[in-house]
Amino acid sequence: MSTPAELDGLTRERVLWAYGIVLRARYLDDRRFILNRAGKLAFIISPRGHEVAQVAAITALQPGRDRFCLYYRDFAAALACGFTPEELMLSAFARAADPSSGGRQTPGNFGSRRRGIIIGSSAVGTQIPKAAGIGLALKWRAEGALCYVSFGEGATSQGDFHEGLNFAALHHCPVIFLCENNHWAISVPEARQVAGPGVAARAAAYGIPGVAVAGDDFLAVHAAVRAAAERARRGEGPTLIEARVLRLQSHSTDDDQRAYRDPAELEAEAALDPVPRMRAWLLAVGWLTEPDDARFQEEVAREVEAATVAAEAAPEPDPSTLTRHVYADG
Amino acid sequence: MADRTLVQAIRDALLEEMDRDVRVCVLGQDVGLKGGVFKATEGLQPRFGPDRVLDTPLAESSIAAVAQGLALEGYRPVAEMQFADYIFPAFNQIVNEIAKVRYRSNGDFSCPLVIRAPTGGGVRGALYHSQSVEAYFCHVPGLKVVLPSTPADAKGLLKAAIRDPDPVIFLEPKKLYRAARGPVADGEGALLPLGKAAVVKEGATVSAITYGYLRAVTQEAAVRLEAEGISVEVIDLRTLRPWDQSACLQSLEKTGRVAVIYEANRTGGFGAEVAAELAERGFAHLDAPVTRVASPDVPAMPFSAALEHAFMLNTDKVAAALRRLAEY
């Protein structure tokens, strides 16, 4: 089989860049879990199982131009938007140099004004109508930028989900609503969370496109987000995308899903891990070779090690800064 | 100087600030086509268009969230909640998002916006058009809370709130919208700083600290007591967070007797915070317990005229409380 020059408009270089981000997310996450179990990190939310969908989505967008309202599981998306492994480790260790919050928020609340990543919170779903407001501003400014907002399927139960989609659809705001549906909101399964035929189908009520994609299919997620971006930049309004993914780790380091999930199902899902599947796909199309992959993985492992060492050694926030930044003058 | 009602002063402030700064925009239910249920935004949409004066869906959480999104993008939104009683669906957006943006981003982001809401009772508005909600927001670091009581204060403080770099909850006593009338300056001459109380009337025996609709009531009570030989100093806080502690302490040191007079129900009301702070910091100067004069702890103000009257503080009730304090 011949090696394609492009797949669905994506070059080999671009896809390997994305694969590198996926690998970094996985290696960092594994390292964070070890550090958590060693008592060095207080709290982590894992993206395990979501990485390919997250990076495929961001690869279709323009960090630096677009706005991103990420949620707490968007670790791989944050890397794809430009956060470095060291910066994310600084956040995990709650160090003063954590660029998102200076150690004030739990890791996963990403923010960087210069990168267009709007500082998030742990309150579920609040970013959805906020993204509609950002979209309204971007529409007024008419520079072709859009706002990407992501959330889990649990967030679709919030009133803010409806309010945000309704507002963005009414005003044709350039917003991409992306639901990373991993079928579990901590211990509550999708069957007890989402009524009707699914998240994507809800788009019909707002008169906007609703698209469901397999979250482990890099090209499918990328194509869905790219189409939504083109529509948004043309001034035609928002799109709702539902990427179906697996939650291969517990909700957080304070949760253990083995206590409430079927062991056979967990085992079956582990075999569907999207990271090795992406690797297998790249090997199959000839864009990646085994030796190249081994070299990549070594590089990523070294980078993660260096990031960990640097972040752990970095100073904690000065206690005297506790009362800063409550108001502009403080 | 023009003669204006309080609601006209609000509208003038919005108009002047929108003229001055193209980033200022207004959003809320009925603010555009209708010009607001109290006419606070009357004439703004014909002048500034349907984007800058935006009629939103009937959904308070998204009104606050959209305002936040606009502020994060550099606009200066002024959102209207039709009644303070209906601000609660937006509480999560205000408390968890808007108020914390600056702090949680370590100063990287800010969220300068104003949320206006008519507050308070005495207009037969019953349980859901009469509530005093200021205490909920005064508890939240990151927010500023303003509650004016005269047309000049309403205009000057709203202009300052719109220019402020932080989010401001701006509560307007609806009973005064048309009842309060007075001279109001134009343009920059109208500006007033946030965080400064007004000594409305000087006095020597009792300090009466109040805000909102009860400023006028307290003034009437003070005039009545003056005739009885009790000299009352009346202070209008105007801004509740941050509140003017030094003006209040100065008055306390002079009189040794303080009453805090507020329209909300007594327990956990903002006046309780004022009383606690003054008792703690002014204890050595006090000749009597710091006293709260507030509404009863019932869920809200009933519709019946008789029950509404029983709920509301009035000149008689305030005068009686101040007299008791003077005689303590």
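Let me start with the interface, where 37 residues of chain A are in contact with 38 residues of chain B, contact here meaning heavy atoms within 4.5 Å. This is a predicted model, in which local features need pLDDT of at least 70 and side-chain atom pairs count only at pLDDT 80 or more, while totals for chains, interfaces and linings use all residues. As for conventions, residues are numbered from 1 along each chain as its sequence is written, chains are lettered from A and ligands numbered from 1 in the order in which they are written, and side-chain values use heavy atoms, with hydrogens and water left out.

Between them, chain A and chain B bury about 3,200 Å², 60% of it on carbon and sulfur atoms; buried area is the accessible area, taken with a 1.4 Å probe, that two parts lose on being put together, summed over both. Of the area that chain A buries against chain B, 22% is supplied by A:W140, A:H325 and A:Y327, which is more than any other three residues give.

A salt bridge joins the side chains of A:R113 and B:D108, at 3.9 Å from N to O. There are also 20 residue pairs in polar contact across the interface of chain A and chain B, both residues at pLDDT 80 or more; a polar contact is a pair of N or O atoms within 3.5 Å, where within protein one must be able to donate a hydrogen and the other to accept it, and residues adjacent in sequence count only if both atoms are side-chain atoms.

Which elements give two or more residues to the side of chain A that touches chain B? They are α5 (127–141) and α6 (159–170) of chain A, where helices (H or I, at least four residues) and strands (E, at least two) are DSSP runs numbered from the N terminus. The largest share of that side, nine residues, comes from α5(A).

Now to the sheets, beginning with chain A, where five strands form an open sheet in the order β3-β4-β5-β9-β8 with parallel pairing; two strands pair if DSSP finds at least two bridges between them. The edge strands, each pairing on one side only, are β3 (67–69) and β8 (210–214) of chain A. Over five bridges, β8(A) pairs in the parallel sense with β9 (residues 239–244) of chain A, and A:V211 stands opposite A:I241 in β9(A).

In chain B, an open sheet of seven strands has the order β3-β2-β4-β5-β7-β6-β12, with mixed pairing, and its edge strands are β3 (53–55) and β12 (239–241) of chain B. Strand β5 (residues 114–119) of chain B runs parallel to β7 (residues 168–173) of chain B, joined to it by six bridges, and B:V114 stands opposite B:V168 in β7(B).

Two backbone details deserve a mention. A cis peptide bond, with omega about 0°, joins B:R241 and B:P242, and B:P242 lies in the loop between β12 and α10 (245–255) of chain B. In chain A, A:A94 has a positive phi, near 55°, and lies in the loop between α4 (85–92) and α5. For context, most residues other than glycine have a negative phi, and most peptide bonds are trans.

Finally, the count over all chains comes to 49 salt bridges. One of them joins the side chains of A:E299 and A:R295, at 3.9 Å from N to O; because A:E299 and A:R295 are four residues apart in helix α10 (residues 290–313) of chain A, they are separated by about one helical turn.

Terms used:
Salt bridge = Lys/Arg side-chain N within 4 Å of Asp/Glu carboxyl O.
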